[in-house]
Amino acid sequence: ITICTKKYDVTMDEEIQIINENTRREKFKNFITKYKKVLIGSSSAFVLIIFLFFLYSDFKHKNQLKIADKFNEITTSYDNKKNENIAQDLISIIYKKDKTYSPLALNFLIDNKIVNDKEKINKFFDIIINEIKLEKEIKNLITYKQALYNAESSTENNLLKILNPILNSDSIWKSHSLYLMAEYFYSKNEKEKSKEFLNRIIELDDPNPNIKIEAQKRIRRDFSD
């Protein structure tokens, strides 16, 4: 009797297991049937997104090649006596908001004094700094260049406003920015402020070594009692 009961129990367990498996299959089948359109739609959307991503990447790459070719064509054939349209060509590259060639176009405008209107140049700086996704330290470098460009004619408040994102960070350009402010105040005969910025360079945990040496020299030479 005992043996028969055990066999009966085993048989019942097997039957329950089979029923459970059938139930799970039926539930899964019903789920697939019910959500078939959704699943197909989701899969199609996923494939479409991947396709559009690669299409966009290819378009972006080709577009950047066109910008590169245009920039190289402008700069290699540059003659300040013959190129009446060069300013507009370079400005058009700036407005492309390309993270490589827009900054290069602005540098070329400034270095060759093609555009001398400071308001326009600062507008171009703002586009590059604020509207292009640049790497952090590249952005800080361009910010420092904007401060350097404005240093001779800028007010103290405006210069600090430009440099504050760097001065309040651990950027590798912090030493350069502090030294620029020290030079700015020294040129205004505000020696205490100048010395303050030189000391800030020396007190940095990881200053640019060459700028730290220059700061120490300046303090010994110009501020020693």
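Reader: Which residue forms a salt bridge with D222, and how far apart are the closest N and O atoms?

Author: Start with the general idea. Side chains of opposite charge can pair when their charged atoms come close. Keep in mind that this is a predicted model. Here D222 pairs with R221, and the closest N and O atoms are 3.2 Å apart.

Reader: Which residues are linked with R221 and D222 in a network of salt bridges?

Author: E183 and R218 join R221 and D222 in that network.

Reader: How many salt bridges does a search of the whole structure find?

Author: The search finds 7. Let us take two of them, starting with K97 and E131. Their closest N and O atoms are 2.5 Å apart.

Reader: Where do K97 and E131 lie, and what does the pair tie together?

Author: Look up each partner's element. K97 is in the loop between helix 2 (86–94) and helix 3 (101–111), while E131 belongs to helix 4 (residues 118–131). The pair therefore ties together parts that are 34 residues apart in sequence. Now check accessibility. K97 has 37% and is partly exposed. E131, at 45%, is partly exposed as well.

Reader: Which side chain meets K193 in a salt bridge?

Author: That of E156, at 3.2 Å from N to O. K193 sits in helix 8 (residues 191–203) and E156 in helix 6, so this pair ties together parts that are 37 residues apart in sequence. K193 is partly exposed at 31%. E156 is partly exposed at 25%.

Reader: You keep naming helices. How many helices and strands are in the chain?

Author: Count the elements, then read their order. The chain has 9 helices and 0 strands. Its pattern along the sequence is α-α-α-α-α-α-α-α-α.

Reader: What share of the residues is buried?

Author: Of the 225 residues in the chain, 31% are buried.

Reader: Now the inside. Which residues have the most contacts in the largest nonpolar core?

Author: A core is built from buried nonpolar residues whose side chains join up. The largest one here has 27 residues, and L90, L109, I114 and F124 have the most contacts inside it. Next, ask which elements contribute. Helix 1 (2–76), helix 2, helix 3, helix 4 and helix 5 each supply at least two residues of this core. Another core, of 24 residues, lies apart from it, and includes L159, I162, I166 and L180.

Reader: What does F124 touch?

Author: Skip the residues up to four places away in sequence. Then F124 touches I91, I94, Y95, L106 and L109.

Reader: Let me try a loop residue. Where does S154 lie?

Author: S154 is in the loop between helix 5 (136–150) and helix 6 (156–167). Its relative accessibility is 9%, so S154 counts as buried. Beyond its neighbours within four places in sequence, S154 contacts L159 and Y184.

Reader: And across the chain, what part of the contacts joins residues 24 or more positions apart?

Author: Take the contacts with a separation of 6 or more. Residues 24 or more positions apart account for 49% of them.

Terms used: Residues are numbered from 1 along each chain as its sequence is written. This is a predicted model: local features need pLDDT of at least 70, side-chain atom pairs count only at pLDDT 80 or more; totals for chains, interfaces and linings use all residues. Side-chain values use heavy atoms; hydrogens and water are left out. Helices (H or I, at least four residues) and strands (E, at least two) are DSSP runs, numbered from the N terminus. Buried means under 20% relative accessible area, exposed over 50%, partly exposed in between (1.4 Å probe, protein chains only). Contact means heavy atoms within 4.5 Å. A salt bridge is a side-chain nitrogen of Lys or Arg within 4 Å of a carboxyl oxygen of Asp or Glu. A nonpolar core is a set of buried Ala, Val, Leu, Ile, Met, Phe, Trp, Tyr and Cys residues joined through side-chain atoms within 4.5 Å.
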